[in-house]
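Welcome! Please take a moment with the sequence and the structure, and then we will walk through them together.

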Amino acid sequence: LPACRDSKLFIKDLHFDEVPVRIYLPRLPSASKRRGFIFFHGGCGMFGSIRSHERACRHIAKESDSVVVSVGYRLSPEHKYPAQYLDCIAATVHFLKTAETYGVDPNRIIVCGDSAGGTFAASTCQELVNRTDIPKIRAQVLIYPFLQAVNFNLPSYQQNAFTGFLSQERTIRYILKYLRKDCSLKEALLAGSHVPDCMNLKYGKWINPDLIPEKFKQDYKPPLLASCVPRVHEETTEMFETRFSPLLAEDAVVCCLPDACIITCEYDVLRDDGLLYKKRLEDNNVRVTWHHIEDGCH
């Protein structure tokens, strides 16, 4: 939907540090400064826009009486990764610094995103966690987020390999297209040939089916690990950056993250990413609220 008049909201298209944003401000005056809500839309970093998530952002602004900022980050492949991530960081920092201009308490700002937007929300929190020149992000809301590109054979990937919009094969294909890689690498990624033994050993303590509750592992069959192919690993090194795979962040970063709300869906290849991140946060004494939609899909 395009921006248009709303009886309960002022809606403005602006730029935050050259990044397009749409801001939704409740019309009714408030006795105190409002909460702020930064929203990153989903779409694998290639699809979606401010307009595609117009209804969701209006709903959040009205129901929570918050000032919502929807970020129109640049899309791949026209704009090469990590342009999307950098736009999210830039817009967030700008809003944290100027929040009071919009009647927002800078200490009550949440970041949120769905799917790839959830990736950007998680990685933004990690990137800014140790910044002392800006207010701290109060909380993160991650709606069925993509959080790791190490293991594409977790139980949720197997169980939902052919489910709905985001199948196992399509997820890997989107990742490769987003990074502007050759889609012929798809089978190698599915087999795990992009991960060296040393990385499997290191990340196995965080990305492991054994860490997922038993009720989510029905009919799961552990795959045989394929040998790493150096050429494939060299082609996919971006996938091991924490801004692309936030689940790979060190404990020293994770323990300092803000409170989290994680939403997962049963029929979603990304379900277990959310479950594993939930455990990582909880293991590092970060408070987590978890909502699981048993009949939901990506």
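How much helix and strand does the chain hold over residues 38–180, and how far apart are the end C-alpha atoms? The chain there is 39% helix and 17% strand, with its end C-alpha atoms 27 Å apart; helices (H or I, at least four residues) and strands (E, at least two) are DSSP runs, numbered from the N terminus. This is a predicted model, in which local features need pLDDT of at least 70 and side-chain atom pairs count only at pLDDT 80 or more, while totals for chains, interfaces and linings use all residues. Residues are numbered from 1 along each chain as its sequence is written, and side-chain values use heavy atoms, leaving out hydrogens and water.

Now for the sheet. Eight strands form an open sheet in the order β1-β2-β4-β3-β5-β6-β7-β8, with mixed pairing; two strands pair if DSSP finds at least two bridges between them. At the edges are β1 (9–16) and β8 (288–297), each pairing on one side only. Inside the order, β5 (residues 104–114) and β6 (residues 139–143) pair in the parallel sense over five bridges, and G113 stands opposite L142 in β6.

Finally, let us visit one residue. Q126 belongs to helix α3 (residues 116–128). Is Q126 buried or exposed? Q126 is buried, because its relative accessible area is 9%; buried means under 20%, exposed over 50%, and partly exposed in between, with a 1.4 Å probe and protein chains only. Not counting residues up to four places away in sequence, Q126 touches T242, P246, A249, V253, L257 and Y277, where contact means heavy atoms within 4.5 Å.
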